[in-house]
Amino acid sequence: MQKSCACKFLYGPETSESIILSIDEALEERKEFKDEIMFYTKTAALFWCLLDIVPIKNEKGDVVLFLASFKDITDTKDINLFFSCLVQNMFGDPPALPEYKVADAKKSKFILLHYSTFKAGWDWLILLATFYVAVTVPYNVCFIGDDDDLTRSTTVSDIGVEILFIIDNIVSNIIFNFRTTFVSKSGQVIFNARQICIHYLTTWFIIDLVAALPFDLLYAVKVSVVHLLKTVRLLRLLRLLQKMDRYSQHSTVVLTLLMSMFALLAHWMACIWYIIGKMEMEANAYNWDIGWLHELGKRLESPYGGMVEVNATGSGPSIRSVYIASLYFTLSSLTSVGFGNVSANTDAEKIFSVCIMLIGALMHALVFGNVTAIIQRMYSRWSQYHTRTKDLKDFIRVHHLPQSLKQRMLEYFQTTWSVNNGIDCNELLKDFPDELRSDITMHLNKEILELSLFASASRGCLRSLSLHIKTSFCTPGEYLLRQGDALQAIFFVCSGSMEVLKDEMVLAILGKGDLIGANLSLDNRVIKTNADVKALTYCDLQCINLKGLYEVLDLYPEYSHHFVQDIQRDLTYNLREGHEAHVSASKLWGFHGEKRKMQERFCL
């Protein structure tokens, strides 16, 4: 067919743009690709295709061709269409683009943004209430039950949470969720009210509706199954999985959520552990005294009296002591500590202990593995600083650098690190497109670009010029330029003070806002400096590379003439060899006594 294996002639309106980009990237980088994609026949009928592209290499390791495999999976997709739609909407992958949009969107004033501060705050409030239910419901079901002799200490707070869920059902479900934007799988923010309603009805509506039922009002009228019904609310915790991606860059938040989930799992396991011990005592009429509850009672000198009811008054340890012992056992088992003072005795207890150990192994991989990665990420910058410092000291030691040079290197490294925190702007911005990168660099270098020297330059010229502006630093006593050196850049002083020296005589003192360079000529581009430039304090500089500057001036000849004329007027000090520098009288210093006074003042 003489067609590319990307099969662009099969693309259509519903073909995923993200998958198209992935195919192009795989072909460009000569790597394997496998995914499901929606294609169109020549009759405009769509079908699902499993596309597998594998690069074939020769003996030299070079890719010489691609092996492409196509499989029609439309029938499989149709069978699972409804279920996949529901499941993916609730628990599926995050959207292709981030949920937070920085661009202004046109929407109705009755439509709420899903990333608004109020919506996020309300969602987190409901999640906290759901966490409360996740803790209290299993405890009340297992330890309190329907026993009239035991009363719940959380009745008031339970009623408050019930009211909060009712408000959420009325306000959030009816008003908010049916009028709140969402992000489609293609990464677009949906503002259409009809699409918003359909999306919410097919995802969280049923769970939100059941979760908001007034269960504690049923408890007030002695409905015994109320606790079990409230467990439906725990499904709301699944929303937390969707929010994890949104807050994944906040290490402290993710760390807190992971540890909370681990503690919540231990709490649930503790409730089940108590129920198993209770059932063992009630089911085994002849050997009821071998369970863990009986051992706990003997150890606490509060034994269970024969075959009495487990929760009967005066029989066995208090509910508080039993719960603490249960939580202690499950946490020690999940963390693989297992001191053995609370242990499994019956078959059922041993089976449950095995299950806890298996779950604990999984939690170690899932929770503690992520916790370790998060902690490393939190201290990665600190670790990088010490690694770079050690490498620098090893370099100095291996090459036997003198003490003075060593001190200058360490001081410069520490100064630059304190300013940019070890971030290499050029490395960070290299993956951005030129359009965006130039806008970023224009913002970073706006001080120098606002000089009158660049007032007549077009925006395109300024954008090109900003890409050639770099940041530089000088420590006290360091020379920025030496007399006779070839000038490589024009320097703009952002902060700090510098002095211009010639034959140990101070010619000028430079400070914030001063421009150091030379008058340029488009014909003679080699410039030798006529003086030394030395830093008196810590100096922050922006420098325009002359090679890049000449390239920009060649691209914009209409501006180059203005630049050559204006730079002579805007230069604070002209460093061109043989040129008589003209500086303001306030910056001229012609004798050594004044030089020493200035140095002493800046050092203080």
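Two strands are taken to pair if DSSP finds at least two bridges between them. In this predicted model, strand β13 (residues 539-545) and strand β6 run antiparallel and are joined by six bridges.

The pairing of β6 with β13 belongs to an open sheet of five strands, whose order is β6-β13-β8-β11-β14 and whose pairing is mixed. At the edges of this sheet stand β6 (469-474) and β14 (573-574), each of which pairs on one side only.

The largest nonpolar core has 48 residues, and the members that touch the most others are F454, M498, L520, L549, Y559 and F563. Strand β8 (residues 489-495) supplies the largest share of this core, namely six residues. Another core lies apart from it and consists of 30 residues, including L258, A266, W292 and M363.

On the surface, a nonpolar patch is formed by I56, V64, L65 and L67, which together have about 340 Å² of accessible area. Strand β3 (residues 63-72) contributes the largest share of the patch, with three residues. L67 lies in this strand, β3, and L67 counts as exposed because its relative accessibility is 52%, where the cut-off for exposed is over 50%.

R30 has a positive phi of about 60° although it is not a glycine, and R30 is placed in the loop between α1 (17-29) and β1 (33-40). E301, likewise a residue other than glycine, has a positive phi near 55°, and E301 is found in the loop between α12 (292-299) and α13 (319-334). The table sets out these values together with the relative accessible areas.

| Residue | Phi | Relative accessible area |
|---|---|---|
| R30 | about 60° | 44% |
| E301 | near 55° | 72% |

With a relative accessible area of 44%, R30 is classed as partly exposed, because that term covers values between the limits of 20% and 50%. E301, by contrast, is exposed, with a relative accessible area of 72%.

Methods
Residues numbered from 1 in each chain as written. Predicted model: local features only at pLDDT ≥ 70, side-chain atom pairs only at ≥ 80, totals over all residues. Heavy atoms only, no water. Patch = residues over 30% accessible without salt bridge, like charges linked within 9 Å, V, L, I, M, F, W, Y side chains within 5 Å. Areas by Shrake-Rupley, 256 points an atom, 1.4 Å probe, with all protein chains shown as cover. Salt bridge = Lys/Arg side-chain N within 4 Å of Asp/Glu carboxyl O. Helix = DSSP H or I, 4+ residues; strand = E, 2+ residues; numbered from the N terminus. Buried < 20%, exposed > 50% of the residue type's maximum accessible area, 1.4 Å probe, protein only. Core = buried A, V, L, I, M, F, W, Y, C linked by side-chain atoms within 4.5 Å.
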